[in-house]
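Subject: Structure handover

Hello,

Here is the structure I promised to pass on. Please open it and keep it beside this email while you read.

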Amino acid sequence: MTTPLIDSHCHLDFEAFDRDREALWSRCRSGGIHQLIIPGTDPEQWGRARALCDAPHSDWYFAAGMHPWWQSRAVEGWEAVCRDFLAHPRCVAVGECGLDKHIDTPMDEQESLLDIHLELARSCDKPLILHCVKAHNELIRRLKRHRFPRGGVVHAFSGSADMAQTYWQMGFRLGVGGVITYERARKTRDAVSRVPFEALLLETDAPDMPLSGRQGERNSPEFLPLIAQALADLRGCSEEQVARQTTDNTRQLFGI
């Protein structure tokens, strides 16, 4: 591939990468991955992500938001702190935020926190990075109450083709990750093969979401070309077409 790839969702700030972060990124650059976005999880993490995105990493960007898993860290005043981070020139999105039915936090509490993020995205004119587990109907209802000129991305999309089309019509793209390397993920593989190419971004969600054959291992942004190859196979096109289109999509959405 001649077009560089962008990992639109990679937790490269996590402890799992502390021992070899720089060496790993050197391998990524050699493998054609030239940019990445570190999503936000909680106020303590935003500062670490921002520090990593400062020089010499001019090819890294970050987002600021409260992940549902860390909702308990949404202490008083977090929203004002988040606004400060969102004003940073390398902060390109609000999130990741969203709804997750696999955790114990009541859905009404998750929805209340999500509403704050939706207002932040609107008022700060930033796209959203959305986390959704088994709650697509609830998320779509929430999104329909707002208007988002900048749209966003549904990270780690694993829904149907109809659901994919619904998000796309609402102005939201879909994050395509390692799940499409599993043959059993028929619904998601079908969806990403049929939705408009303009709707798709590549991501790894590293260190999580390992690719097929790598279960139990640390996932890595250096495996992004394997996801690109899987997407090319599903869409019946070249890897270069995947690289060119998804890179354009990511740059357009996040303004990078």
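Two strands count as paired if DSSP finds at least two bridges between them. Keep that in mind for what follows. One caution: this is a predicted model.

**The sheet**

Strand β5 covers residues 128–133, and strand β6 covers residues 152–154. Three bridges join these strands, and they run parallel. Within this pairing, Leu130 has Val154 of β6 as its bridge partner.

Now step back to the whole sheet. Eight strands make up an open sheet, with parallel pairing. Their order is β1-β2-β3-β4-β5-β6-β7-β8. At the edges sit β1 (5–7) and β8 (200–202), each pairing on one side only. On average, neighbouring strands are turned by 30 degrees against each other, direction ignored.

Next, β7 (172–176). Three bridges join β6 to β7, and the two run parallel. Val154 stands opposite Leu174 of β7. Is β7 buried or exposed? Five of its five residues are buried, so β7 is largely enclosed by the rest of the structure. In a regular strand, side chains alternate between the two faces of the sheet. Phe172, Leu174 and Val176 lie on one side of β7, Arg173 and Gly175 on the other, and all are buried.

**Helices across the sheet**

Helix α6 spans residues 161–169. It lies across β5, β6 and β7, at about 135 degrees to β7. Which residues of α6 are buried? They are Ala161, Met163, Ala164 and Tyr167. These cover an arc of only 160 degrees around the axis, which puts them on the same side of α6. An α-helix has 3.6 residues a turn, so residues three or four places apart point the same way. On the other side of α6, Asp162 and Gln169 are exposed. The buried residues of α6 pack against β5, α5 (136–143), β6, β7 and α7 (186–194). Just after α6 comes Gly171, with a positive phi of about 95 degrees.

Helix α9 (residues 239–254) lies across β1, β2, β4, β5, β6, β7 and β8. It runs at about 100 degrees to β8.

**A helix pair**

Look at α3 (residues 78–86) and α4 (residues 107–124). They pack at an angle of about 35 degrees, with axes 11 Å apart. The crossing of α3 past α4 is right-handed. From α3, the contact uses Trp78, Glu79, Cys82, Arg83 and Leu86. From α4, it uses Leu113, Ile116, His117, Leu120, Ser123 and Cys124. By class, that contact has seven nonpolar, two polar and two charged residues.

Most residues other than glycine have a negative phi, and most peptide bonds are trans. Check these places against that.

- The Gly95 to Glu96 peptide bond is cis, with omega near 15 degrees. Glu96 is in strand β4.
- The Ala206 to Pro207 peptide bond is cis, with omega near 10 degrees. Pro207 is in the loop between β8 and α8 (224–235).
- Lys134 is not a glycine, although its phi is positive, about 60 degrees. It is in the loop between β5 and α5.
- Asp205 is not a glycine either, and has a positive phi of about 60 degrees. It is in the loop between β8 and α8.

Are Lys134 and Asp205 buried or exposed? Exposed means over 50% relative accessible area, and buried means under 20%. Lys134, at 61%, is therefore exposed. Asp205, at 8%, is therefore buried.

Best wishes

Definitions and conventions. Residues numbered from 1 in each chain as written. Predicted model: local features only at pLDDT ≥ 70, side-chain atom pairs only at ≥ 80, totals over all residues. Heavy atoms only, no water. Helix = DSSP H or I, 4+ residues; strand = E, 2+ residues; numbered from the N terminus. Axes fitted to C-alpha atoms, helices over the stretch in contact; angles between N-to-C directions. Contact = heavy atoms within 4.5 Å. Left-handed = near helix turned anticlockwise from the far one by under 90°. Nonpolar A, V, L, I, M, F, W, Y, C, P; charged D, E, K, R; others polar. Buried < 20%, exposed > 50% of the residue type's maximum accessible area, 1.4 Å probe, protein only. Arc of directions from axis to C-beta.
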